[in-house]
Amino acid sequence: MLVLPTLAWAQGGAAAWPSKAVTVIVPFSPGGGTDAIARLVGLKLAASLKQPFIIDNRVGASGMIGTTAVAKAPPDGYTITVGLSTSLLINQFLYAKMPYDAQKDLAMVYRLAAGTQILAVKPSLPVKNGTELLAYIKANKGKLSYGSYGAGSTPHLFGAYLNHITNGEMNHVPYKGEAPMNQDFLGGQIDMAWVSAAAAKQHILAGKMKPIGVNATERMKALPDVPTLKESGITDPVFQMEGWLAVAVPAKVPKEIQDKLAAEIRKAMQDPEVQRKIEEMGFRPVLNSNPETFTAEYKQQLPKWAELVKISGAKLD
């Protein structure tokens, strides 16, 4: 007797949603790629749904402060997050104790973009491609270093795995973000790093960083002349994995609202100008995602990232 009224309420709620402003919590700093894409898509959603989508940057604890606020928010569709694979997936393997359970407290709605990164080396390193880099690391055991945005970041995980497969005993140098890492990279203090196109494109084009390849299954439009790592000679499937940006909501948000939100995001992502701006930042826009496909992708990726964290030895408690 209760099923039909509950279903009718859910459908009515979805039809009326949104009837007021929606808060979009971005758990990272203003001005970064996650923030920029959240604002870009938020403007399109506000125009199509006739309600403000207000960006709220809640920074700290590797994205956990903002993500926790979403996980514990009322499940009415008025608090959502645009987060990264770190805040939505990888952190659960880095921290023994977390204030939210990403798999139980959040629902994955739409994977917005793939966060392709570039493995680059300092110009003086005598290698031109991945094959030569692998050989150089093995021949210079214990002599090389790689930088990252911090312990547990994707550049750390990929660097640690490269170290693992070459037995290179490379030194990991963690920084508090990409900007200070790149500053030292340009100064020659580290030998290699995974960098973003948004921050490193100008340096690559100027010859101040030497690109080896992109961590993806296809080349990025922002730097089309840079091969994939597989094309460059580093063929391990791990180096075809990508981080991502995505939209998630509290787990108990009605499915009808999740589907409506995903449909509106999908509509926004069809805009060529939205695609162009995302590509210029070095990301690859995802044009056709939804809660079912994204959740399936998420579950498929879980053990792969768990293994990378294990190999890296990263623990952030």
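A pocket is an open set of grid points with protein on both sides within 12 Å along at least five of seven lines. In this predicted model, the second largest pocket holds about 290 Å³ of space. Its lining consists of 16 residues, and Q240, M241, E242, Q301 and K304 are the closest to its centre. Helix α13, residues 291–312, gives the most to this lining, with six residues.

The largest pocket has a volume of about 1,100 Å³. It is lined by 43 residues, and those nearest its centre are F28, T34, L84, T86 and Y149. Two or more lining residues come from each of α2 (33–49), α4 (85–94), α8 (178–186), α9 (197–205) and β10 (243–250). Of the elements, α4 gives the most to the lining of the largest pocket, with four residues.

The table sets out the two linings by residue class.

| Pocket | Nonpolar | Polar | Charged |
|---|---|---|---|
| Largest pocket | 18 nonpolar residues | 22 polar residues | three charged residues |
| Second largest pocket | seven nonpolar residues | four polar residues | five charged residues |

**Strand β1 and its partners**

Strand β1 covers residues 22–26 and is mostly covered, with four of its five residues buried. β1 runs parallel to strand β2 (residues 53–57), and five bridges join the two. Within this pairing, V22 stands opposite F53 in β2. The chain passes from β1 through α2 to β2 in a right-handed β-α-β crossover.

**The five-stranded sheet**

An open sheet is formed by five strands in the order β7-β6-β8-β5-β9, with mixed pairing. Because β7 (171–174) and β9 (210–214) stand at the edges with a single partner strand each, one side of each is left without a neighbour in the sheet. On average, neighbouring strands of this sheet are turned by 30 degrees against each other, direction ignored.

The pairing of β7 with strand β6 (residues 145–148) is in the parallel sense and has four bridges.

Technical notes:
Residues numbered from 1 in each chain as written. Predicted model: local features only at pLDDT ≥ 70, side-chain atom pairs only at ≥ 80, totals over all residues. Heavy atoms only, no water. 1 Å grid on protein atoms, 1.4 Å probe; cavity = no way out; pocket = protein on both sides within 12 Å on 5 of 7 lines; lining within 4 Å. Points joined across faces, edges and corners; volume = space filled by probe spheres on them. Nonpolar A, V, L, I, M, F, W, Y, C, P; charged D, E, K, R; others polar. Buried < 20%, exposed > 50% of the residue type's maximum accessible area, 1.4 Å probe, protein only. Pairing = 2+ DSSP bridges. Right-handed = clockwise from strand over helix to strand, strands pointing away. Axes fitted to C-alpha atoms, helices over the stretch in contact; angles between N-to-C directions.
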